[in-house]
Amino acid sequence: METDDYDYESYERAKTRRNNPRTKISPMHKNSRTGTVIAVDRGRYMILSRKTTHYAMRSSALKSEKIVCGDKVKFIADKVVSNAQNAKHDTLARIVEVLKRKTYLCRALNDDDVNDRVIAANVNQAIICVALSNPAPRTNFIDRMIKSCVNGGVEPIICWTKNDLLNEDNVSSESHNSVMKMVKCYENRGLKSITIGFENEGAKKIANFKGVQKLLKDKKSVFIGESGVGKSTIINLLVPNANRVTNEVNEVTGKGRHTSSSSKMYALDGLGNGTFIIDTPGVRSWGVLQKNDS
Ligand SMILES: Nc1nc2c(ncn2[C@@H]2O[C@H](COP(=O)(O)OP(=O)(O)OP(=O)(O)O)[C@@H](O)[C@H]2O)c(=O)[nH]1
Ligand SMILES: [Mg+2]
């Protein structure tokens with residue numbers, strides 16, 4: 001561009017232009033409906049409201065307020081979309097308000113983090129999945145998850161997974177003993193727990209499956225834990241059409257591969273109308289802030 005072509009006048013105008021003052025009156029959203037967030041995936045939300053599913057985005061008025069599975073929200077929708085895959089941009093509903101949470105589960109990246117991140121809302125219990133082997137259990141991690149549950153009014157339940165790997169083919173008798181000692185320690189603290197593992201190599205079934213169903217009955221539960229401990233595997237067994245992707249633990253690092261990247265809630269109607277479970281992406285760290293005011 002030649003210097004002489006430059007529009008000096010419009011440049012001057014742009015420099016002095018100011019935004020018009022905004023109204024302080026918030027919109028009434030008279031026609032909004034109420035629903036529960038059942039899936040969160042990269043800025044898009046699925047809401048269940050009166051047995052209908054809506055695919056939604058957030059209103060800009062919510063700013064950075066986090067919306068998670070289990071949240072009760074108010075939303076505006078002009079079209080009903082029962083299948084997220086069919087949703088086009090112009091049919092997206094808009095979430096305009098997140099209602100006060102009765103309970104919540106939060107995690108910080110580390111203890112010095114400035115903010116807590118909500119993981120799930122309005123759940124009764126958290127199923128803290130911990131593999132007895134592969135990846136090896138970390139008590140520090142378990143204790144932090146328990147603390148977050150207590151902070152948010154959520155009952156912590158430990159689900160020891162991969163019981164089938166705790167044998168002499170996979171672990172030394174020393175490791176076996178120290179893991180069993182750890183399990184006993186948590187039992188002595190009076191925490192509810194359950195132990196599960198594959199019944200066979202084909203992995204079509206897990207031992208103590210009925211016990212898991214009994215624990216979940218009539219409750220809203222969120223499955224949390226390190227990557228690779230088997231959260232999505234249990235979800236798939238509980239909800240046969242869930243089709244959550246699962247992946248093997250990395251043989252070199254011994255860590256999970258962060259297979260699940262979205263959170264999703266499922267209804268287990270067979271166990272009673274109020275039974276819901278939420279699968280969450282695995283994490284590698286769990287910070288707990290001193291002050292928790294979500
Ligand atoms: N031997 C054994 N393997 C299991 C068991 N449960 C899960 N696995 C395996 O562990 C691996 C990880 O399972 P996932 O269900 O993907 O774990 P996840 O906790 O959902 O992992 P992220 O989505 O990364 O958080 C898969 O290869 C599963 O087949 C179990 O009880 N025994
Ligand atoms: Mg998973």
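User: What share of the 294 residues of the protein count as buried?

Analyst: In this predicted model, 31% of the 294 residues count as buried, a term for residues that have 20 or more other C-beta atoms within 10 Å of their own, with exposed meaning 12 or fewer, partly exposed the range in between, and C-beta atoms placed from the backbone. As a predicted model, it needs pLDDT of at least 70 for local features and 80 or more for side-chain atom pairs, while totals for chains, interfaces and linings use all residues. Residues are numbered from 1 along each chain as its sequence is written, and chains are lettered from A and ligands numbered from 1 in the order in which they are written.

User: Why is I278 called buried?

Analyst: I278 has 28 other C-beta atoms within 10 Å, and the term asks for 20 or more, so I278 is buried.

User: What makes I278 part of a strand, and which one?

Analyst: I278 lies in strand 15, residues 276–279, where a strand is a DSSP run of E with at least two residues, a helix is a run of H or I with at least four, and both are numbered from the N terminus.

User: Which residues is I278 in contact with, leaving aside its neighbours within four places in sequence?

Analyst: The partners of I278 include C69, G70, A120, V222 and S263, contact being defined as C-beta atoms, placed from the backbone, that lie within 7 Å. I278 and S263 are 15 residues apart in sequence, yet their C-alpha atoms are 6.8 Å apart in space.

How values were computed. Contact = placed C-beta atoms within 7 Å.
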